[in-house]
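Welcome! Let us walk through this structure together, one piece at a time.

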Amino acid sequence: MSEIRIIDARDTFCPGPLMELISYMKRASVGDEFELLSTDKGSINDIPEWIKKVGHEMLSSEQVEGVWHIKVRKAK
Amino acid sequence: MPREWRGADGDNRIMSRKIYVLCVSGTREKLQMAAMVASVAAASGDEVTVFFSMNAMLYFVKGRDTEAPAEGEFGRLMANDKGVPSFKQLFTYAAELGDAKLLPCSMAVDLLKAEEADLDPLLGPPTGLTRFLSDAEGAQLFTF
């Protein structure tokens, strides 16, 4: 399995974190995993919604010291 | 209402929609909201077309305005926070990540006496309102 790649989108506002994630996902291969770091509260709900809508795989979402860590796998 | 369909792999997904965005105002807040709608919809698989006319066109012609004036408090907040992606950046995401079509109004292009080389490379061909309305018939239309 390839190593999980970190996307640091801290301190950017909606839809910045989502766009950062999408730009990486678009260039990635199926099976690649990403961990998005975000401090934007709105994105915490929006990003899982986008992942579900386009059919990727949400791995986990947790908040550590004020930073959300969203892990996702490219599924298609 | 979004319609759900069952994909070949058994997942329920939202069918892609046609979304048209009519961008008229040149204020920062309206351009920002239009760019947010366009980028998120396009990146989520919707077929997005943005039509720029009136003051919204000024930011897509070389040598014209680059900084959109704030209409109120939110425009000022966004202008002063580096964490807010610019509307130009968001329209670029819409086009590059989601294949959104960004079309300049042919009337506005003519009135500005702009040549094709003067237009932002993000833009598609100058398009008439009749064509835009015809294409947008029955689809969702957002106006800013």
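Which residue stands opposite Ile7(A) in β2(A)? That residue is Leu36(A). A few words on the model before we go on: it is a predicted one, in which local features need pLDDT of at least 70 and side-chain atom pairs count only at pLDDT 80 or more, while totals for chains, interfaces and linings use all residues. Residues are numbered from 1 along each chain as its sequence is written, and chains are lettered from A and ligands numbered from 1 in the order in which they are written.

The pair we started with belongs to chain A, where β1(A) and β2(A) (residues 33-38) run parallel and are joined by four bridges. Helices (H or I, at least four residues) and strands (E, at least two) are DSSP runs, numbered from the N terminus, and two strands pair if DSSP finds at least two bridges between them. These two strands are part of an open sheet of four, with the order β1-β2-β4-β3 and mixed pairing. At its edges are β1 (5-8) and β3 (57-64) of chain A, each pairing on one side only.

Chain B has an open sheet too, with four strands in the order β5-β4-β3-β6 and parallel pairing. Here β5 (101-104) and β6 (140-143) of chain B have a single partner strand each, so one side of each is left without a neighbour in the sheet. Further in, β3 (residues 18-23) and β4 (residues 47-52) of chain B are joined by six bridges, and Val21(B) stands opposite Val50(B).

Now look at the helices of chain B. α1(B) and α3(B) pack with their axes 8 Å apart, at an angle of about 20 degrees; axes are lines fitted to C-alpha atoms, for helices over the stretch in contact, and angles run from 0 to 180 degrees between N-to-C directions. The two helices are therefore roughly parallel to each other, a term for angles under 35 degrees.

Finally, where do the chains meet? In all, 14 residues of chain B are in contact with 14 residues of chain A, contact meaning that C-beta atoms, placed from the backbone, lie within 7 Å. On the side of chain B that touches chain A, β2 (12-14), α1 (28-43) and α3 (87-98) of chain B each supply at least two residues. α1(B) gives the most, with four residues.

Definitions and conventions:
Contact = placed C-beta atoms within 7 Å. Parallel < 35°, antiparallel > 145°, perpendicular 65-115°, else oblique.
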